[in-house]
Amino acid sequence: MSKILAVDDERAILDALARVLGRDGHEVVREADPTAVPGMDLSRFDLVLCDVMMPGLDGFELVRQIRPDFDGPIVFLTARVAEEDAVAGYGLGADDYVRKPFGAAELRAKVAAHLRRERRSRPPSTPSASTSPATPGRS
């Protein structure tokens, strides 16, 4: 179905994300090193899941760096529960802010909703019949 980039310094969480979202047919690319993400070709991903508290490069700074190059949905997954953290995440361009611990069903539903919305907002890739020149006198 969709290709999702999951960024978290905890491999157990990455493995759980791949297992849970794989049930819906998604391919989850796991990245435990947030500093590797800015150099990736992000255009191949439909959605990014990102932890906030990571060593080397926190999720807020990572999103600040990648948002200009990635137009798809970005969802923070974090243990930071303060409202100001969520507001900061949205201000950086995140589309959602999911607090840990979260339920697998809720995460699957949120990912599906973001991907569905993303597909609706993209223009069709096939040319329409109305783009051909009209011939006078024919209907």
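## Order of helices and strands

Along the sequence, the pattern runs β-α-β-β-α-β-α-β-α. The protein has four helices and five strands. Helices (H or I, at least four residues) and strands (E, at least two) are DSSP runs, numbered from the N terminus.

This is a predicted model: local features need pLDDT of at least 70, side-chain atom pairs count only at pLDDT 80 or more, and totals for chains, interfaces and linings use all residues. Residues are numbered from 1 along each chain as its sequence is written, and side-chain values use heavy atoms, with hydrogens and water left out.

## Buried and exposed

The protein has 139 residues, and 42% of them count as buried. Buried means under 20% relative accessible area, exposed over 50%, and partly exposed in between (1.4 Å probe, protein chains only).

Two residues show the contrast. Arg-19 sits in helix α1. Arg-19 is exposed, because its relative accessible area is 53%. His-26 lies in the loop between α1 and β2. His-26 has 9% relative accessibility, so this residue counts as buried. The His-26 side chain reaches the backbone nitrogen of Ser-2 at 3.5 Å.

## Salt bridges

The structure holds nine salt bridges. Each is a side-chain nitrogen of Lys or Arg within 4 Å of a carboxyl oxygen of Asp or Glu.

One of them joins Asp-8 and Lys-100, with the closest N and O atoms 3.1 Å apart. This pair links distant parts of the chain, 92 residues apart. Asp-8 is in the loop between β1 (3-7) and α1 (11-22), while Lys-100 is in the loop between β5 (96-99) and α4. Asp-8 is buried, with a relative accessible area of 1%. Lys-100 counts as buried too, at 18% relative accessibility.

Arg-108 and Asp-24 also meet through their side chains, in a salt bridge of 2.6 Å, N to O. Arg-108 lies in helix α4 and Asp-24 in the loop between α1 and β2 (27-31), so the bridge ties together parts that are 84 residues apart in sequence. Arg-108 is partly exposed at 27% relative accessibility, and Asp-24 is partly exposed at 24%.

## Another pair and a network

Lys-110 and Asp-96 form a salt bridge at 3.3 Å, N to O. Lys-110 is in helix α4 and Asp-96 is in strand β5, and 14 residues separate them. Which of these two is buried? Asp-96 is buried, with a relative accessible area of 9%. Lys-110 is partly exposed, at 24% relative accessibility.

Some salt bridges share partners. Such bridges join Asp-8, Asp-51 and Lys-100 into one network.

## A positive patch

Where does positive charge gather on the surface? The patch is made of Arg-116, Arg-117, Arg-119 and Arg-120. Patches are made of residues with over 30% relative accessible area and no salt bridge; like charges are joined within 9 Å, and nonpolar side chains (Val, Leu, Ile, Met, Phe, Trp, Tyr) within 5 Å. Lys and Arg count as positive and Asp and Glu as negative, while His and the chain ends are not counted. The place of a charge is taken as NZ of Lys, CZ of Arg, CG of Asp or CD of Glu.

Arg-116 is found in helix α4 (residues 104-121). Arg-116 is partly exposed, with a relative accessible area of 43%.

Note on methods:
Areas by Shrake-Rupley, 256 points an atom, 1.4 Å probe, with all protein chains shown as cover. Polar contact = N/O pair within 3.5 Å; in protein donor to acceptor, adjacent residues only side chain to side chain.
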